[in-house]
Structure formats: C-alpha cells, structure tokens
Amino acid sequence: MEFWTDQPRGTYILDGIDVGNADDAELSKIRNQKIGFVFQTYNLISKTNALKNVELPMLYAGVNQHTRKQRAKELLELVEMGDRAKHLPEELSGGQKQRVAIARAMANDPAIILADEPTGALDSKTGRLVMDLFHKLNREKKKTIVLITHSNELAAETDRIISIRDGNIVDSVKGGGKA
Amino acid sequence: MMLLWENIILAVNGLLSNKTRAFLTMLGIIIGIGSVIAIITVGNSLTLSLSEDMQSMGANDVYVMLEPRSDEDENGSIDGVVYGTLQKSEELKEEDYITTEMIDAMCEKYPNEVYAINLQHTIGQTSVAVGKKSASVNVSGVSAGYFVTNKLEMLHGAMLSASDFAEGKNAILVADKLVEDLFDGDAQKALGSEIEINCNNSAGSFTIVGVYKHEQNAMMGMSFDMPTEVYMPLKTANNFDHLENNYSSFQVVTKVGVNSDEFSAKLQKFFEPYYRNNRNFEVTAMTLSSMVDMLTQMLSTITIAIAVIAGIALLVGGIGVMNIMLVSITERTREIGTRKALGAKNSSIRVQFIVEAMIICLIGGIFGVILGVGGGMGLSNLLGYPAKPSIAAIVISLGFSMSVGVFFGYYPASKAAKMNPIDALRYE
C-alpha cells in the first residue's frame with residue numbers, strides 16, 4: 001500500500017500515472033486529488049479549527065478561499081459536524097475528530113478513501129457511527145473505500161476482503177456487504 | 001499567494017500558542033536589532049549636532065594650522081616610523097611658529113580672496129577684582145577679524161576701534177556677566193573703568209570700552225563661576241605678554257564667491273616654502289566644511305563599526321531561531337507527514353517553515369526597533385543631543401532580520417520538506 005515510494009519490483013499505475021517513477025509534484029497531486037486519507041490517530045492539525053482542517057487539502061490544491069470555505073462547511077454537515085466547525089481538535093471527542101478527518105479526506109472529492117484502522121482508537125459505539133459514515137459515502141458518494149482492519153467483524157461488512165499476512169496477499173473473497 | 005497568507009496566520013497562531021518559547025526565541029533578535037538601532041540613532045544624533053554646530057561657525061572659512069610633519073617623505077623604513085612617532089611629540093619651538101610677516105605676505109598676495117584674518121592670542125585664565133568683588137576671566141588678544149567669525153552682541157559702549165587695534169591700546173571688552181559680578185550690573189559705571197589684570201607674570205591696567213552679551217552655554221549653564229572672556233586688541237596682548245607675533249593657527253574669512261576649498265589648497269602651497277626646511281612641522285590649510293566632512297565620515301565609520309559588532313548579537317539570535325526551528329520540526333514530524341498525505345508539496349512545507357522563521361525574526365525585529373529607537377533617543381537626550389532615529393536603518397534592520405529568518409530557517413525547513421511522508425507519519 002505504498003503509494004509514494006519506489007516499488008522493489010513491477011510497476012504500479014494509478015489512473016495512468018506510473019507512481020513508481022513519479023516526482024514530488026506528481027505524487028503530491030495524487031495524494032491531494034485521488035486519495036483521501038483517514039488515520040487511526042485522526043492526525044488533525046492542532047491549533048487549527050475543524051473547518052480549516054477540512055479546507056487544508058483544498059488549500060494545497062489551490063482552490064480559492066470562498067469555494068474552500070463553502071465546500072468545507074458542506075462536508076462538515078455531511079459528517080454531522082457542522083455545529084463544531086469552529087472547534088479546535090483538542091475540544092473534540094475521538095469520534096468527532098475522526099468524522100472531521102473523514103470530511104477532510106473527502107475535500108478534493110477523491111475516488112479512493114484509504115482508511116487505516118479508522119475505528120481502532122474508538123469505542124464500539126462511536127466506531128459504529130464512523131463505519132456507518134463510510135457506508136454512506138460508499139453508497140451515496142460512490143467512493144471506493146479501502147479499509148484496513150484487524151477486526152473480522154468490520155471486514156465482514158465490506159464488499160470485498162483481501163487478507164494480507166506478513167506482506168503477502170493470502171486470500172481475496174467477496175464480502176458480505178451491508179448495502 | 002493565498003498559501004503564503006495562510007502560512008503567516010498559521011505561524012502567528014503557533015507563536016501565540018507558545019508565548020514563552022516565542023519570546024525567548026525572539027530575544028536574541030530583539031537584542032541584536034535593538035542595539036544596532038540604538039547605536040545608529042546615537043551616532044546619527046551626534047553627527048547631526050556636530051555638523052550643525054560647525055556649520056554655524058562658518059563652513060567657508062579656511063583654517064591654517066601647524067601640524068607635526070608626517071614622515072611620508074622620509075625613507076619609509078621602520079626606523080623612519082619610529083622617528084616619526086617621536087617627532088609627533090616634538091614641542092613647538094620659537095622658530096616653528098607662523099609669524100606675522102608670513103600672514104602679512106599672505107594677505108598681500110591674496111587681496112581678492114582674504115576678507116579678514118581671525119587671530120587669537122590666548123593669554124590665560126585669571127581673576128580680576130574691583131574692591132572686594134572678583135570674577136574669573138579668560139584673557140585673550142584678538143585681531144579685528146576675530147569678530148567677523150565670532151559675532152558679539154554689544155550691549156553697552158563700543159567695539160574695539162580700528163585705532164585700538166592699530167596702536168595696541170589698553171582697551172578691553174567684557175561680558176555682561178562680569179559687569180553683574182563686579183559693578184552690580186551698572187554698565188555706565190563699568191564703562192571707562194580701569195581694571196587690573198594679572199596674568200602670566202604680567203600685569204597691566206585696562207579700560208573697559210564695551211560690554212557684550214555673554215552667551216550661556218547650555219551644558220555649562222549650571223556652574224555660576226564659569227570664566228567669561230575678556231578681549232583686548234591683539235597687539236596689546238602681544239605687548240602685554242612680551243610675546244613675538246607668533247601663531248600656531250589662524251582662521252581666514254574668505255570674500256564672497258571665493259571657492260574656499262581651492263583657496264585652502266593655494267594657502268597650503270603658499271606656506272610650503274617657509275617650512276621646507278622644517279623637519280618637525282608643516283602648515284596645513286583646510287576649510288571647515290572639509291573638516292566637518294572628515295569628522296562626520298569618521299563618526300559614521302565608527303558608528304557602523306560598532307553597529308556591526310552589535311550585529312553579532314543578531315547572528316547569535318539567528319542561530320537561536322534555527323535551533324528552535326529544528327526542535328519545532330522534530331516535534332511536528334507527524335504534522336508534516338499529515339500535510340504531505342493531504343497533498344502538500346515539498347515546496348509548500350519548505351515555505352511554511354521559512355515563513356515561520358521569518359515571522360519570528362520580523363516580530364523580534366519590530367520589538368528590537370522599538371527598543372532601539374527608545375533606547376537610542378533616551379541616550380541621545382541624556383547626552384544632550386537632538387535624537388534622530390534613522391529611518392533607513394530601521395527599514396534595513398527589519399529587512400535584515402527577515403533575511404536572518406530566511407537564512408537560518410532554510411536549513412530546518414528543507415529538512416522538514418525532505419521528510420519521507422510515511423516515516424513522518426510513523427514518527428512517535
């Protein structure tokens with residue numbers, strides 16, 4: 001899953017771009033436009049409110065201020081965090097932070113959302129909310145969501161399960177899906 | 001552009017959220033810029049008041065003076081240098097002085113240039129008494145030309161007359177302060193009175209012919225027993241002091257339209273033959289404006305030299321900024337990783353941290369300027385000079401402090417920019 005480093009063997013082509021040979025400008029554009037990242041530890045920028053956090057990928061994309069703000073607000077509404085737009089990350093709970101992070105991942109309307117253990121640091125109730133949000137994005141916004149998890153329970157909710165053990169793909173099956 | 005603005009806001013917010021660290025980081029810059037500005041402010045004030053003082057004394061007058069001969073025409077060996085330094089301490093001897101004959105010859109040769117000659121023969125400081133009252137005075141003999149360059153405001157009586165000068169009469173001018181001290185301010189009583197002057201083992205009786213207004217020196221205003229000047233004709237003074245008509249310096253007031261710089265060169269040439277065989281001394285002629293220029297130049301060189309030394313504090317401050325920036329990027333490694341994941345280019349990260357360093361230095365610079373201007377003006381006022389902060393120095397200092405930020409921020413910023421996003425995100 002290393003989108004930004006040289007592959008030891010073979011080539012990895014994403015949307016017509018040879019990622020292995022891409023330079024910094026191309027790679028940062030891929031990260032910016034094509035993939036939305038959601039981390040286990042949320043990774044919101046501290047000292048910067050929720051709205052600004054969601055605006056950040058658009059800032060790097062060069063979107064103008066008005067559009068940026070507008071879209072960030074809409075995205076926060078989508079993750080039901082509209083009323084927390086001006087709050088700093090430290091003022092938010094784990095589940096709220098993760099929802100802001102998901103809104104941020106959606107900022108430049110990427111085709112793929114990469115979520116690395118997004119519920120790992122959350123209790124099961126808030127974890128459920130986050131998972132519901134992913135299902136909603138998948139269903140309504142037609143996003144491909146790559147979810148990394150150790151939980152078979154969560155994996156069972158997906159359309160397809162790829163099992164990796166010690167760096168090798170050991171299994172690939174159609175999942176239960178929860179559509 | 002908008003990224004820049006966001007970066008500035010980000011940097012300011014970052015600084016505000018950690019005020020103590022921000023202040024300590026800035027301290028080096030504040031002290032550096034502050035001391036540079038303070039020194040330049042004081043230097044400027046000094047230069048300004050100096051040149052104003054001297055301009056008011058008549059910039060177009062030519063000063064002719066005896067100076068120890070520089071040993072450039074010696075063989076230039078180390079011996080020569082040692083000999084030269086010995087020469088400098090050489091006392092003026094009888095035959096070294098500029099004589100009245102030389103001055104007369106000069107006046108004859110340049111009738112179209114010379115307007116007046118200011119010669120002064122200082123006899124010395126003494127005390128004069130009338131009855132039980134006494135006053136301290138400086139006695140000197142002056143030429144008529146003296147009053148051309150040193151204008152006196154006459155309050156009572158008359159100036160020294162042409163015949164006073166020509167015949168060397170025992171006539172003197174005294175200050176109103178002396179009249180106050182010796183005659184209870186009664187000028188009419190003072191005029192025509194004779195007073196005894198004992199000075200330099202000579203004594204004589206002199207008639208007061210005029211009273212001039214004593215200019216209070218602002219800095220000396222407090223001390224009430226400052227001696228006042230007593231002027232007598234030059235010839236009188238020479239007779240009184242049993243001195244030959246010898247001078248170590250004099251001042252030539254030029255006629256209107258004379259290029260005094262050219263004329264001073266001519267005068268120097270004029271005196272050369274007289275001193276060709278004098279091993280110890282030569283005559284130098286220069287205009288006041290050239291002297292002012294020299295002095296001003298010297299002062300600004302000194303100012304700049306001290307300011308550069310103070311600038312070392314700025315360098316130290318810059319290193320402090322670099323240090324904190326390195327700490328900061330280490331602390332914020334995960335943030336850098338996150339930003340890269342969100343699409344920040346290496347250059348965006350670099351700009352972010354350079355802007356941060358610049359903002360630290362700029363804010364430090366602004367505080368430094370405030371401190372420096374305040375301190376410099378305070379010090380100038382304390383020294384009694386009109387304070388004049390240099391706008392150019394302020395602008396240059398702020399620009400310089402920002403470039404310190406760029407210079408010392410570049411390395412940490414590049415380090416941040418080159419981080420591998422995966423490693424940065426994994427950083428604990």
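Residues are numbered from 1 along each chain as its sequence is written, and chains are lettered from A in the order in which they are written. As the model is predicted, local features need pLDDT of at least 70, side-chain atom pairs count only at pLDDT 80 or more, and totals for chains, interfaces and linings use all residues, while side-chain values use heavy atoms, with hydrogens and water left out.

**Confidence**

Let's begin with pLDDT, the predictor's confidence in each residue, from 0 to 100. Chain B has a mean pLDDT of 82, with 90% of its residues at 70 or more. Helices (H or I, at least four residues) and strands (E, at least two) are DSSP runs, numbered from the N terminus.

| Element of chain B | Residues | Mean pLDDT |
|---|---|---|
| Helix α3 (lowest) | 78–88 | 42 |
| Helix α12 (highest) | 333–341 | 94 |

Please take care with residues 73–89 of chain B, where pLDDT stays under 50. For this stretch the model has 12 contacts (heavy atoms within 4.5 Å) beyond four places in sequence.

**An enclosed strand**

Strand β12 (residues 249–254) of chain B is largely enclosed by the rest of the structure, because five of its six residues are buried, that is, under 20% relative accessible area with a 1.4 Å probe, protein chains only. Strands pair if DSSP finds at least two bridges between them. β12(B) runs antiparallel to strand β1 (residues 62–68) of chain B, with four bridges joining them, and Met65(B) has Ser249(B) as its bridge partner. Strand β3 (residues 114–118) of chain B also pairs with β12(B) in the antiparallel sense, over four bridges; here Asn118(B) is partnered by Gln251(B).

**A helix and what follows**

In helix α7 (residues 176–183) of chain B, the buried residues include Leu178(B), Leu182(B) and Phe183(B). After α7(B) comes Asp184(B), with a positive phi near 55 degrees.

**Meeting chain A**

The contact draws 23 residues from chain B and 26 residues from chain A. Together the chains bury about 2100 Å², 61% of it on carbon and sulfur atoms; buried area is the accessible area (1.4 Å probe) lost on being put together, summed over both parts. Two salt bridges (a side-chain nitrogen of Lys or Arg within 4 Å of a carboxyl oxygen of Asp or Glu) link chain B and chain A. Glu6(B) and Arg68(A) form a salt bridge, with their closest N and O atoms 3.0 Å apart. On the side of chain B that touches chain A, α12(B) gives the largest share, six residues.

Key: Buried < 20%, exposed > 50% of the residue type's maximum accessible area, 1.4 Å probe, protein only. Buried area = accessible area lost by both parts, 1.4 Å probe.
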